[in-house]
Amino acid sequence: MSITENISEIRARMARAAEKSGRRPEDVLLIAVTKLHDPDEMEEAIRAGVTDIAENKVQEIQHKFDQISLPVRWHLIGHLQTNKVKYIIDKVVMIHSVDSLKLAQEIDKRAGAAGKVMDVLIQVNAAHEESKFGADPKDVPQLAADIAAGCPNVRIRGLMHIAPYAEDPEEVRPYFREVKALYDELAGQYPDFAYLSMGMSHDFETAIEEGANIIRVGTSIFGERDYTRKMGGE
Ligand SMILES: *Cc1c(COP(=O)(O)O)cnc(C)c1O
């Protein structure tokens, strides 16, 4: 199937999952994860109606940014080192991977210098996986409070979560539920909260059923990634 066909199939599946959770299809945003894919594939997705794309590496955004001429919003979804914030501050609309005050402070400084306020999500590591970044759920309320108090050029818009890989997405439903509960708790205190980013190719329907309103999908749109590729250098 082509990229365009894959996207229309995903949209149909998203709509069914949204209806199951009592929401409208247009209440859930599809972000196409374009890491390790070429600009021409990315542009096919944009022509098929994708409005938002995401990369997990700063270098890859730098490498591709000027090669995409169609209008689209860029997101950073991967781990961000403080020394690289300056390279993307003027390129992305949202950073999904904030998990420390130190990183938020650097984003605050760079956003201030660029004369903007940066939208961010706090990444939550609900499964306590050693291999993944993200804040422990119990530390998230304090982290949100510290960022809100000390980083005027950072606007916390919600939470992001990467579930552990499971053959059967039912196994990770409890994590989605836990992160949604934390989201609801914080949304009551932070009026800017609007986004719950969770769900990927193999689990996005479960994530939507549990309340996600942003899903990040790569493989189901573009096919398998070739991890031997180097894009933008390392
Ligand atoms: C790669 C990636 C995705 C997309 O994963 P697929 O399984 O290819 O849909 C989503 N979120 C993050 C943070 C990623 O790094």
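A148 lies in helix α6, where helices are DSSP runs of H or I with at least four residues and strands are runs of E with at least two, both numbered from the N terminus. With a relative accessible area of 46%, A148 is partly exposed, a class that falls between buried (under 20%) and exposed (over 50%), judged with a 1.4 Å probe and protein chains only. The C-alpha atoms of A148 and R229 are separated by 39 Å, the two residues being 81 apart along the chain.

The model is predicted, and local features need pLDDT of at least 70, side-chain atom pairs count only at pLDDT 80 or more, and totals for chains, interfaces and linings use all residues. Residues are numbered from 1 along each chain as its sequence is written, and side-chain values use heavy atoms, with hydrogens and water left out.

Around the ligand stand V33, K35, I77, I162, M200, S201, R216, V217, G218, T219 and R225, a residue being counted here if one of its heavy atoms lies within 4 Å of the molecule. This shell comprises five nonpolar, three polar and three charged residues, with Ala, Val, Leu, Ile, Met, Phe, Trp, Tyr, Cys and Pro taken as nonpolar, Asp, Glu, Lys and Arg as charged, and the others, Gly among them, as polar.

| Side chain | Ligand atom | Distance |
|---|---|---|
| K35 | oxygen | 2.6 Å |
| R216 | nitrogen | 2.9 Å |
| R225 | oxygen | 2.7 Å |

Taken alone, the ligand exposes 390 Å², of which the protein buries 91%; these areas come from the Shrake-Rupley method with a 1.4 Å probe.

Elsewhere, S197 belongs to strand β7, residues 195-198, and is buried at a relative accessible area of 0%. The side chain of S197 makes a polar contact of 3.2 Å with the side chain of H96; within protein, such a pair also requires that one atom be able to donate a hydrogen and the other to accept it, and residues adjacent in sequence count only if both atoms are side-chain atoms.

Two loop residues deserve a remark on backbone geometry. Most residues other than glycine have a negative phi. L36, although not a glycine, has a positive phi of about 65°; L36 is found in the loop between β1 (29-33) and α2 (39-47) and counts as buried at 10% relative accessibility. H128, in the loop between β5 (118-124) and α6 (140-150), likewise has a positive phi, near 55°.

Conventions:
A polar contact is a pair of N or O atoms within 3.5 Å; within protein, one must be able to donate a hydrogen and the other to accept it, and residues adjacent in sequence count only if both atoms are side-chain atoms.
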